[in-house]
Amino acid sequence: MERHSERRSERYSERYSDRHSERRSERRSERRSERHSERYSDRRPDKYSDKHSDKHSDKHSDKHSEKRSEKHSEKRHTTETMTNNRKRTVDLLTAKTGGAYIPPAKLRMMQANITDKSGAAYQRIAWEALKKSIHGCINKVNVSNIGLITRELLRENIVRGRGLLARSIIQAQAASPTFTPVYAALTAIINSKFPNIGELILKRLIIQFKRGFRRNDKPLCISSGTFVAHLLNQRVAHEILPLEILTLLVETPTDDSVEVAIAFLKECGMKLTEVSRKGIEAIFEMLRNILHEGQLDKRVQYMIEVMFQIRKDGFKDHQAVPQELDLVEEENQFTHLIQLDEAIDSQDILNVFKFDSDYVTNEEKYKQLSKEILGSDDSDSEAGEDDEESSDEDSNAETAEEKEGVIVDNTETNLTALRRTIYLTIHSSLDFEECAHKLMKMQLKPGQEIELCHMFLDCCAEMRTYEKFFGLLAGRFCAINKIYVTPFEQIFQDSYHTIHRLDTNKLRNVSKFFAHLLFTDSISWEVLSCIKLNEEDTTSSNRIFIKILFQELSEYMGLSKLNQRVKDVTLQEAFSGLFPRDNPKNTRFAINFFTSIGLGGLTDDLREHLKSLFSIFDKYSEL
């Protein structure tokens with residue numbers, strides 16, 4: 001065993017030594033070859049120079065061949081890019097949606113390069129130019145330049161681009177609802193020349209309104225409904241359509257639907273009152289029933305009350321058509337009778353480019369039609385312009401002298417600074433005497449007294465509870481200078497007529513403020529003549545105001561002294577509306593009202609008057 005192991009170890013040692021020696025020899029040979037190559041390169045003989053020159057010439061020829069191949073590849077690359085650019089321009093022209101944005105200069109250059117005007121490429125470029133010009137005109141229109149913009153639009157082929165025109169007008173109106181009367185007037189002018197365009201706009205608005213109603217999208221309903229209302233004012237839409245919309249919104253009332261209906265009524269209420277009085281009376285009767293049910297939010301109920309007040313005022317703040325936008329004569333206008341269920345197809349295909357095989361002939365026809373329309377418009381306007389120029393020259397010379405040196409501040413910066421100063425003075429004073437002393441030192445300009453009175457009332461209304469500070473302060477100013485009495489009396493009447501705009505807390509503070517002024521005789525009791533206490537002329541807010549006013553007066557004066565003041569002979573005119581004797585129904589309403597608020601003692605004379613009336617009726621009935 002030992003011998004066998006020794007032999008094995010000798011074999012392994014021999015193999016290892018052989019391998020190690022082989023590796024060493026290989027490394028030595030590599031080092032020798034490297035040294036030999038270095039010496040050979042440094043000490044190269046002349047006989048190898050010819051071979052070197054041959055090698056150098058071969059290398060030079062290879063470089064020239066490489067350059068030629070690179071130039072050939074560059075040419076090939078440029079041709080490929082040119083073909084790609086051509087393909088890209090073709091794609092831009094033939095794409096269904098117009099493709100990427102093309103600058104106007106490039107668009108005109110591309111259009112000039114195309115010789116075939118009946119081809120699809122030329123029509124595509126003309127379509128893009130038409131779309132941009134229509135969109136630009138709609139974005140620029142306003143009250144002052146609506147005539148010029150209309151002429152620019154009529155010079156474009158709006159019959160071919162009627163889908164683009166309708167879409168641009170509707171999008172612009174939705175983006176800026178305050179310009180809705182302007183867009184409605186523009187639509188009315190175009191409708192008088194091309195009724196199919198007016199009908200298309202009206203149909204798309206109806207479809208848009210129905211979509212918003214299904215989705216409960218209130219802003220969309222209000223914007224599209226407002227546009228429809230102004231199209232009614234411009235006699236483009238028939239009155240049946242607005243009545244259908246109002247019925248749809250009011251028959252199943254929600255907070256949002258009633259709010260949309262009120263916004264719609266404000267815009268077209270004046271016109272509906274002229275053309276369909278019975279229809280609008282039915283709508284207001286439905287609103288009155290909704291108000292009596294009281295299931296809606298308080299905010300919406302106040303909006304309904306405000307709507308009744310607007311109707312009572314005759315929609316004076318919501319004029320149907322402003323004078324400067326009444327541009328189309330009634331006999332020249334086309335009115336479209338489209339009901340709510342009839343508008344189904346919005347013709348969205350008109351918004352997309354479509355190849356026209358008779359493009360050249362159709363363009364020539366529209367140019368002739370445009371010349372006829374614009375020629376008639378220009379002939380009518382030229383006669384008026386000649387007369388206006390002569391009168392304008394005379395008036396401009398007179399007004400130029402008056403306007404020189406007069407600066408009018410329309411930003412109301414001074415007024416805002418005055419109100420801020422009054423507010424800070426009021427809240428920095430310990431008592432009303434100190435405040436009155438500080439405010440008297442301000443030296444107000446003539447006409448600013450009413451702003452001081454308004455600030456007293458506004459600061460009083462903003463308090464959580466009524467503070468006597470404001471009543472005493474107002475009374476002190478009325479005692480110091482009688483010039484403040486008339487503004488407070490005027491503010492009392494304005495506040496009574498707009499009391500429905502205030503919440504309950506502000507209403508209570510305002511009524512207590514004026515009760516203090518009446519008790520101290522700071523203002524005349526004649527201001528009560530503006531109050532008519534009956535069911536028709538008062539709202540819930542008015543009745544709450546009267547209730548708090550007289551309850552405060554009874555607390556200040558006592559019921560007996562208040563009764564004496566009510567029976568004063570010199571004030572019977574002022575109290576004729578509060579204690580009416582003209583109609584038994586109104587008399588009974590006033591008796592019930594004062595009895596319900598705990599002041600039935602003020603109505604003794606009314607009760608006797610009512611009894612005497614009944615006795616007279618009985619005598620006549622016996623006869």
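Visitor: How many helices and strands does the secondary structure of the protein chain come to?
Guide: The model is a predicted one. Buried residues account for 37% of the 623 residues in the protein chain. Its secondary structure comes to 24 helices and 0 strands.

Visitor: Among contacts between residues at least 6 apart in sequence, what percentage join residues at least 24 apart?
Guide: Contact here means heavy atoms within 4.5 Å. Among the protein chain's contacts between residues at least 6 apart in sequence, the share joining residues at least 24 apart is 75%.

Visitor: Is helix 10 roughly parallel or roughly antiparallel to helix 12?
Guide: The axes of helix 10 (residues 240-251) and helix 12 (residues 277-293) come within 11 Å and cross at roughly 10°. Angles under 35 degrees count as roughly parallel. Helix 10 is therefore, relative to helix 12, roughly parallel.

Visitor: How many nonpolar, polar and charged residues does the contact of helix 10 with helix 12 have?
Guide: Helix 10 contributes Leu-243, Leu-246, Thr-247, Val-250 and Glu-251, while helix 12 contributes Gly-279, Ile-280, Ile-283, Met-286, Leu-287 and Ile-290. By class, this contact has 8 nonpolar, 2 polar and 1 charged residues.

Visitor: In which hand does helix 19 pass helix 20, and which residues make the contact?
Guide: Helix 19 (residues 485-497) and helix 20 (residues 504-519) pack at an angle of about 145°, their axes being 12 Å apart. The crossing is left-handed. By class, the contact has 7 nonpolar, 1 polar and no charged residues. Its members are Phe-488, Ile-491, Phe-492 and Ser-495 of helix 19, with Val-510, Phe-513, Phe-514 and Leu-517 of helix 20.

Visitor: Which residue's backbone oxygen does the side chain of Gln-123 reach?
Guide: Gln-123 lies in helix 4 (residues 120-140) and counts as buried because its relative accessibility is 0%. Leaving aside neighbours within four places in sequence, its contacts include Arg-160, Phe-353, Phe-355 and Tyr-359. At 2.7 Å, the side chain of Gln-123 reaches the backbone oxygen of Asp-356.

Visitor: Does Glu-462 count as buried or exposed?
Guide: Glu-462 belongs to helix 17 (residues 449-462). Its relative accessibility is 56%, and exposed means over 50%. Glu-462 therefore counts as exposed.

Visitor: What distance separates the C-alpha atoms of Glu-462 and Asn-509?
Guide: Glu-462 and Asn-509 are 47 residues apart along the chain. Their C-alpha atoms are separated by 8.3 Å.

Notes: Residues numbered from 1 in each chain as written. Predicted model: local features only at pLDDT ≥ 70, side-chain atom pairs only at ≥ 80, totals over all residues. Heavy atoms only, no water. Axes fitted to C-alpha atoms, helices over the stretch in contact; angles between N-to-C directions. Helix = DSSP H or I, 4+ residues; strand = E, 2+ residues; numbered from the N terminus. Parallel < 35°, antiparallel > 145°, perpendicular 65-115°, else oblique. Nonpolar A, V, L, I, M, F, W, Y, C, P; charged D, E, K, R; others polar. Buried < 20%, exposed > 50% of the residue type's maximum accessible area, 1.4 Å probe, protein only. Polar contact = N/O pair within 3.5 Å; in protein donor to acceptor, adjacent residues only side chain to side chain. Left-handed = near helix turned anticlockwise from the far one by under 90°.
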